[in-house]
Amino acid sequence: MRLIPNRAWAATLLFTAFALLPLIAVWLDDIYLIVIATRILAYAIAALALDLILGYGGMVSFGHAAYLGIGAYSVAILSRAGITDLGLHLLAAICAAAVFALVTGAISLRTRGIYFIMITLAFAQMAYFFFVSLSAYGGDDGVTLAARSTVFGQPLLESDTALYYTGLALLVGLYLLAVAITRSRFGRVLTGTRENPVRMQAIGFSPFRYQLTAFVISGCMASVAGVMLANQTSFVSPAFMDWHRSGELVVMVVFGGIGNLLGAIAGATIALLLEEWLAILTEHWQILFGLILVLVVLYSRDGLTGFFRRRL
Amino acid sequence: MSLLEVRNLRKSYGALKVTDDLDLTVDEGELHAIIGPNGAGKTTLISQLAGQAGSDGGSVRFAGTEMMGMPMHRRVRAGMSRSFQITSILPGFSVLENVAAAVQARSGSSFRFFAPVSKEQALNDAALAVLARVGIADRAFFRAGSLSHGEKRQLELAIALATRPRLLLLDEPLAGTSGQEADRLVEVMRGLKRDVTLVLIEHDMDAVFALADRISVLVYGRIIATGRPEQIRDDARVRTAYLGEEAGEGS
Amino acid sequence: MTSLFLIQFLNGVQFGILLFLIAAGLTLVFGIMDFVNLAHGVIYMVGAYLAVTFSQLTGSYGLGLLLTLPATLLVGLVLELLVFRKLYDRPHLDQVLATFGLVMIISEGVEVIWGSAPLSVRMPELLSGSVPLIGPLRYPVFRLVVIGAGLATAVALWLIITRTRIGMRLRAGATNRAMVSALGVDIRSLFTIIFAFGAMLAGFAGAMVAPILTVDPGMGESVLILAFVVIVIGGIGSVKGAFAGALLVGLVDTMGRSFGPIILRSFLDPSAAGQTGRVLAPMLVYILMAVILSVRPAGLFGARS
Ligand SMILES: Nc1ncnc2c1ncn2[C@@H]1O[C@H](COP(=O)(O)OP(=O)(O)OP(=O)(O)O)[C@@H](O)[C@H]1O
Ligand SMILES: [Mg+2]
């Protein structure tokens, strides 16, 4: 209870910092800063989405990059068809993600534990191959977007700053939505199921329906991140849903502290900045990143999950 | 009138027949105790009745409806709740939330995503009332995982009660409680007898003989005797099979 | 048509055998230790690279293959002692993260050592020919050898598991973990052995295919996920399931790619059939997995879910 004002303060602080960032970029005359920050926003949205099911629902999805791809390809496919409006891109992404999450979630949720991890991974790989074989959209190589999404028919997002603020608005909106969900009746059932599924059944809840609903909500949210990423890079390819990317999303959530929505945003920021920084040090930054990951998991007392677990 | 009718209920774990063609009838309004030695299959029976464990065959009719094949959460909504011998709570939730979740399950849809549930006064009030009834209202805002063992047993009962069952299946509610806590729980159960039908599994014979309207004795998956407490006390088969000295001491 | 069918059938079996070698170690590790190992695929890749290097050093593929076996066994041992051992009692999430970290390290490390350009190893002269099947049809000897070696490994595994004491413990462990420790078996060393052995099987698979596939840094990843599909289909912990699942996945994947478009042509016009076939074929094994899971959530031979 006492935590709530603190969290609201932390959120306000974090989002204010994000809002001021373009000013700093202008002051430093460093445009690349905005590009990185926009990527951070997109991944923060995806990490937030993942945290909703991983942190609150106890579902370790190792295939969330699929939704990045679904969102990104929604932009590519609609743009090709002459539909450029951002709102419609988002709508299409969310609908496609909902269908994919509903079908794969319904099957994955019949299982538990390592089965669930492997199956979500496998389904993401299926989506990956689906887009690889879409030769009309460049197959393996992907496709370059002619332009970014439009707003009210205007090419407003061509400005990096405008795209950045759009991303920030989406992030803040989805964050508030996610916070509301975790505190709602639905959120209580979801969290209770993570804590003790048998107990929840013994008071009259069927965990499956709630978990599946959460899975679908999370997928839809993550697809928004895909729409953002496609616009940021003006390029879409199956690499968006490489399983490494799914892994990185899990890393972000855990870095920030699972079951702590603001933490997911912080985790995405930390992970991407760490990547950027290590990449400056060496071309083979993945070795260092992997090493850090392994060491942190091994040598924090209860493992990474315990190390970063929200202290009550 | 009978509320629960169990016929030819069966379950095996491999070669072990844990529930062996079991028949049981529980009347509306009674407190029906089931006693039996360790490993007799009492917990398994409760799990089968509640729908948590599957059955190999037989019939479970509750208020005239066949329950066989119905999952646990639907049986709960039909009015049949259980408590667990091994405490099963939501350790990270507050005590109040544990009970409020059970109230929530029976009042309105839980597919509500926006309004904060902690501000739903109706849920909290109902939960507090149940907590007061079992005597741990003062712990309402504690983390459930931090309660003492006895308090967790009280919470366990509170959660089951909060589902407002017509039939309550209690699996050793007194297990591991101190004398004072046990007395309290016995009083709670005595109070419950007025408005809930109870199936009580308990090793504490003082409590069983003080509370039960009828007692069934379960040995190796079969009910070997059913009757009023004094009949059970005097039943030779029961004495040899199970009660032995305890009955002698009790009388 | 029948000849194409026969060839593709053999290719499917060969792919299935390969998947089995990778999945066998994985499924034991999953079943007995309840452990998610994402790094199993990169060990297969390391096996292929080591086979290339050892073949070049010794001038003989056969010797290279022989040296790869103890080398990958050693890799498995070292990883188990340094990393995996500390993770058995941890939540799946920790296991996933740590082994994901290993994947990053090893994949990138392989690129540092061997570069990112694809490598290949020359097939031994003796096995580079082809043998007649029926009529004018011929099939490469080497692929038959891969099938034969894989089947021999499967039989050996089956004998170990059904006929030896250690196999008995494995079976007990795969279905009931608590039982193994109750039997007073030294769990630690059993785990170490399984891990190292599984790594060696994966390395063996990598070395076997080095002459027929290109050896590149991405080769471990797609195979890892297919091995997961195999295990999920077969049922976690079941070597028999892994065998059935691997053959099923190998056949469905290979046959789907070549015959999918042909079959579709009977419903669709040729260009649509070709296109749909190309899109559907790589997804077939995942659809197969989905169907099997909806019917049997614990897999074909799985005891638990
Ligand atoms: N999941 C299971 N798998 C195999 N055997 C089981 C399982 N659950 C219970 N059993 C066995 O079934 C028998 C009955 O167990 P059960 O827990 O129902 O007994 P109980 O009467 O509740 O005993 P207690 O008084 O100790 O609580 C025991 O022999 C037990 O070992
Ligand atoms: Mg019991």
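First, some housekeeping. Residues are numbered from 1 along each chain as its sequence is written, while chains are lettered from A and ligands numbered from 1 in the order in which they are written. Since this is a predicted model, local features need pLDDT of at least 70 and side-chain atom pairs count only at pLDDT 80 or more, whereas totals for chains, interfaces and linings use all residues, and side-chain values use heavy atoms, with hydrogens and water left out.

Let's start with ligand 1. It has 13 residues around it, where being near takes a heavy atom within 4 Å. The nearest are B:Gly39, B:Lys42, B:Thr43, B:Thr44 and B:Gln85. By class, that shell has four nonpolar, seven polar and two charged residues, with Ala, Val, Leu, Ile, Met, Phe, Trp, Tyr, Cys and Pro as nonpolar, Asp, Glu, Lys and Arg as charged, and the others, Gly among them, as polar. Helix H1 (42-50) and strand E2 (16-27) of chain B each give at least two shell residues, and H1(B) has the largest share, three residues. Helices here are DSSP runs of H or I, at least four residues, and strands are runs of E, at least two.

Now the oxygen atoms of ligand 1. One is 2.9 Å from a backbone N or O atom of B:Gly39, and B:His203 brings a polar side-chain atom to 3.0 Å from an oxygen. Taken alone, ligand 1 exposes 630 Å², and the protein buries 61% of that; those areas are Shrake-Rupley values with a 1.4 Å probe.

What are the protein donors of the magnesium ion, ligand 2? They are B:Thr43 (OG1) and B:Gln85 (OE1), lying 1.8 to 2.1 Å from the ion. Donors are N, O and S atoms within 2.8 Å of the metal (3.2 Å for Na, K and Ca), and water is not among the atoms, so sites may look incomplete. B:Thr43 lies in H1 and B:Gln85 in the loop between strand E6 (80-82) and helix H3 (95-106) of chain B, so the pair ties together parts 42 residues apart in sequence.

On to the chains. Two pairs touch, and A with C has the most contacts, a contact being heavy atoms within 4.5 Å. Chains B and C share none, and their closest C-alpha atoms lie 13 Å apart.

Finally, helix H7 (residues 185-195) of chain A: nine of its eleven residues are buried, so the rest of the structure largely encloses it. Buried means under 20% relative accessible area, exposed over 50%, and partly exposed in between (1.4 Å probe, protein chains only). The cover includes H3 and helix H4 (121-134) of chain B.

Technical notes. Polar contact = N/O pair within 3.5 Å; in protein donor to acceptor, adjacent residues only side chain to side chain.
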